[in-house]
Each structure stands twice: as structure tokens, then as C-alpha cells.
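We will go from stop to stop, picking residues and looking at what is around them.

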Amino acid sequence: MGQDVSQFKTIRDGIRRNDEDLQEVDLSGKSVGDSRTVKLAQALRHNDVVDKLVLKSCDISHVGVTHLCDSLCSVLITTNIRVLVLDENVKIGSEGGRLIGDMLKNNGVLEELSLNGCALGDLGLVGIAFALHDNQSLTSLELGSNGLKDEAAEHIAAMLKENTKLEGLSLFQNQITGQGAKCLAEGLGINRTLTWLGLGKNFLGVEGAWALSDGLRVNRGLQWLAVGGNSIGDRGVTHLATLISGEQESLLSLGLGDNAITDDGAVNLAEAMKRNKRIASLGLENNHIGLQGASAFAGMLRTNRALKTLVLTGNKIGDSGGLQLAMSLSDNRSLDTLHLADNPVGEETMSALLEVLTGGNKTLQRLDLRGVAMSKMAQRKLQRALHDQSSVVQLAIGPSVHGGGHSAMSDDVDDSDGHASGASSVPFRHGLRHKQSMSGLEGDMDMY
């Protein structure tokens with residue numbers, strides 16, 4: 001995890017000398033504290049090589065931030081830091097947020113700023129949001145787990161109406177309600193540059209889902225929206241279904257995990273997806289979808305030609321629903337990633353998947369069946385057949401996703417032809433959205 005803090009003096013001196021090997025400095029989890037941060041900031045005043053500075057969980061307070069910000073905004077200093085990560089430094093607080101806001105008013109180089117878990121609160125957010133009204137360099141801002149409420153959402157919305165540079169914003173795991181979502185929706189209705197927005201694990205509810213769907217009707221820029229863990233339920237997802245079945249043409253990825261969605265909501269969403277020609281990734285992990293919902297998605301997969309990733313992990317899909325999903329793949333020519341982990345599917349579904357994937361379907365490449373009851377013999381048979389006779393290159397089987405098993409796609413055997421038959425460590429993250437390819441595996445796993 002980053003460079004060794006025992007080598008801090010060497011690192012500091014290397015920064016001062018403009019050492020070309022120190023383009024990225026990562027001291028994550030080390031006892032840097034304010035005193036070393038001050039020395040680091042002083043060294044940066046003589047440096048134009050460091051491109052990325054990561055100080056995650058380093059026990060830094062607003063005192064250290066003061067000196068760091070001084071080095072990042074002085075007109076007399078040539079620092080070229082484009083990426084700054086200060087996650088999980090809870091002592092930064094609202095005062096640190098104010099200082100960072102002042103820095104952003106004068107810094108024209110920083111492109112990515114991550115402040116997750118810094119206890120900013122609404123007060124600390126105000127200065128940052130105000131600075132971004134005019135800032136023309138920052139493209140990515142992460143503000144997860146900062147206790148932000150509706151007042152912060154109001155300031156962010158005002159910023160979105162004027163900012164023309166920011167592309168990505170994470171507000172994961174804060175305290176924003178439906179009222180805050182209304183404010184954000186107003187900002188999104190005017191903004192034309194934001195392409196990804198993470199709102200997972202807030203308190204949006206049905207009201208928030210309605211507000212966002214209303215605001216996004218006129219938005220033509222947002223491509224990735226994550227609203228998992230917001231208790232939007234069937235009514236909320238129906239509002240979003242209406243959105244994606246209509247004129248909204250920019251969304252490519254929609255994360256709806258952990259929202260208490262049942263078959264009723266799933267049916268409405270599947271009907272909307274029959275008409276949608278853009279969304280490539282749909283996440284519905286940890287909901288309450290059963291036979292009717294699975295049947296509706298199967299019908300959608302027979303006609304939809306855009307969807308590439310479908311995540312149904314942790315629902316209530318049994319063999320009847322699993323069988324229909326499997327058979328629909330014989331007509332599908334777009335889906336390359338399917339997650340059915342932790343569903344009570346059984347042998348009928350496995351047999352159908354084996355038949356379809358070794359027969360007509362040549363599109364599916366990644367299949368997650370972790371937590372599905374299979375004997376070791378059945379697992380080996382499935383691995384062998386899919387390796388030899390299908391397009392599947394990544395298969396995840398074994399322990400449950402949430403039951404102590406590691407979160408990894410499997411590739412126990414990686415042959416020279418590039419096929420993988422059994423786990424490569426590709427994480428199924430439930431956290432924050434980072435700038436990644438929309439079609440990339442890791443990016444599509446962010447269901448919140």
C-alpha cells in the first residue's frame with residue numbers, strides 16, 4: 001500500500017530534486033500526519049514532476065491541508081499535480097474543506113480530486129462548490145461519506161448550472177433526501193458536461209427517483225447514473241423506466257442495486273428496456289426479483305440489441321426464471337456479461353446455460369454463478385464444456401458473493417488461447433465510480 005513511510009525523507013528529497021521516478025507518490029495508510037505533510041508541501045514547491053499524490057488515511061487535519069493547498073495554488077510554484085487523493089482523513093473537516101475550496105479558485109492544473117470520508121459536512125462543501133462555478137481544470141470530484149445533506153446538494157446543483165468542465169461526481173453514502181435530489185435534478189437539467197453521477201446509499205426514495213427522472217429528460221450528457229441503496233422501490237424504478245423508454249438518449253449505465261425492487265418494478269423496467277437502444281449496463285443486485293421479473297427480462301433479451309451487462313445477483317430467481325433467462329440467450333446477440341450469483345437457480349438452469357452457450361450463443365463472455373448450488377463434479381463439467389465449446393472467457397463459481405468467498409471472476413486454468421476456465425481477481429465493487437471504460441468489466445460492476 002504505497003511507499004514506505006520509513007523512507008519519507010528519501011521520498012521528500014526525491015521530490016525536491018524532481019526525481020523522474022516519483023511521478024506518483026502514494027503514502028496511503030502511513031502515519032504521515034500534519035508534520036510530514038508540511039514537509040511534503042514544502043518539497044512540492046520545488047517540483048514539477050509529481051503527477052499524482054495519494055494521501056489516503058494518513059491522519060492529516062486541516063493544518064496539513066493548509067500547507068498542501070498553499071503549494072498547489074501559489075502563482076510562484078510550478079507544481080503539476082493532476083490527481084490528489086485525500087480520502088479517509090476525517091480530521092480535515094469543514095475547515096479543511098474551506099481551504100481546499102480556496103485552493104481550487106486559483107489552481108488551474110488539478111483534474112481529479114478525491115475527498116471521500118473527510119468529514120466535510122455541508123459547511124465544508126460550500127467553498128468547494130463555489131470554487132467550481134469557475135474552475136476550468138477539475139474533471140472528477142469524489143465526495144462520498146462526508147455527511148452531506150440537502151443544503152450541500154443545493155450548492156452542488158447551483159455549481160452544476162454554471163460549471164462547464166466537471167465530468168464525474170460521486171456523492172456516495174451521504175444523507176441527501178428526495179428534496180436534495182430535486183435540487184440536483186434542476187442542475188442536471190442545465191448542465192451539459194457531467195457524464196457520471198454516483199448517488200448510491202443516500203435517502204432519495206421515490207421522490208428522489210421521480211425528481212431525477214424529470215431532470216434527466218432534458219439532459220443530454222449524463223452517461224452513468226448510480227442510485228443503488230436508496231429505497232426507491234417499484235414506484236421509483238417505474239419513474240426511471242418511463243425516462244429510459246422515452247427520449248432520454250445519453251444514459252449508457254444504470255445502477256439500481258439494493259432498492260427493494262420486486263417483480264412489479266422489474267416488469268416495468270424490462271418493458272422500457274425493450275424500447276431503449278442505448279443502455280449497455282443494467283445493475284439490479286440485491287433486490288427482490290423472482291419468476292415474473294426474470295421472465296420479463298428474458299423477453300427483453302430476445303429483442304434488445306444494446307445491453308451488454310446485466311447484473312441480477314442476490315435476487316429470488318429460481319429454476320423456472322433461470323431457465324427462461326438461459327434460453328433467451330439463444331436469440332440474444334449483444335449481452336457479454338451476466339450475473340446470476342446468489343440466486344436459487346439449480347440444475348435445470350445449469351443444463352440450459354450449457355446447452356445454449358455451447359450451441360448458438362457466441363456473445364456471452366463473462367458468467368457469474370457464485371453461490372449457486374452445484375456439486376464439484378458439475379462445476380468441473382461446466383468449466384470444461386464452456387472452456388472448450390463456448391465464447392465464455394470468465395466463469396465465476398464457488399462460494400457466495402456475500403458468504404465469505406472472495407469476489408473474483410474465476411480463471412483457474414488460463415490456456416494459451418486466452419480462454420479461462422475456472423478466478424482472476426476482478427473485484428465486484430459496491431463503492432464509488434472512478435473514470436473507467438463503460439464497457440470495461442470493473443466499471444460495469446459498480447452497481448451503486
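What is the volume of the second largest pocket? The second largest pocket comes to about 260 Å³. A pocket here is an open set of points, on a 1 Å grid over the protein atoms alone, where a 1.4 Å probe fits, with protein on both sides within 12 Å along at least five of seven lines. Grid points are joined across faces, edges and corners, and the volume is the space filled by probe spheres set on the points.

Before you start clicking, a note on the model: it is predicted, local features need pLDDT of at least 70, side-chain atom pairs count only at pLDDT 80 or more, and totals for chains, interfaces and linings use all residues. Residues are numbered from 1 along each chain as its sequence is written, and side-chain values use heavy atoms, with hydrogens and water left out.

**Stop 1: the pocket lining**

Select E347, M350, S351, L354, A373, M374, S375, M377, A378, K381 and L382, which line the second largest pocket; lining residues have an atom within 4 Å of a point. The elements giving two or more residues to this lining are α13 (347-357) and α14 (376-389). Helices are DSSP runs of H or I with at least four residues, strands are runs of E with at least two, and both are numbered from the N terminus. Colour the lining by type and you get seven nonpolar, two polar and two charged residues. In this scheme Ala, Val, Leu, Ile, Met, Phe, Trp, Tyr, Cys and Pro are nonpolar, Asp, Glu, Lys and Arg are charged, and the others, Gly among them, are polar.

**Stop 2**

Now pick D342, in the loop between β12 (337-339) and α13. Is D342 buried or exposed? D342 counts as buried because its relative accessibility is 17%; buried means under 20% relative accessible area, exposed over 50%, and partly exposed in between (1.4 Å probe, protein chains only).

**Stop 3: helix α6**

Select residues 150-162 for helix α6, which has 13 residues and reaches 19 Å from its first C-alpha to its last, close to the 18 Å expected at 1.5 Å a residue. That expected span is 1.5 Å times one less than the number of residues. Highlight A152, A153, I156, A157, M159 and L160, which are buried in α6. Look down the axis of α6: the buried residues fall within an arc of 160°, so they line one face of the helix. The arc is that of the directions from the helix axis to the C-beta atoms.

**Stop 4**

A129 sits in helix α5 (residues 121-131) and is buried at a relative accessible area of 3%. Its C-alpha is 7.4 Å from that of G101, 28 residues away in sequence. A272 belongs to helix α10 and is buried, with 1% relative accessible area.

**Stop 5: positive phi**

Most residues other than glycine have a negative phi. Select S231, in the loop between β8 (224-226) and α9 (233-244): this non-glycine residue has a positive phi of about 55°. S231 counts as exposed, at 57% relative accessibility. D258 also has a positive phi of about 55°, and lies in the loop between β9 (253-255) and α10 (263-275).
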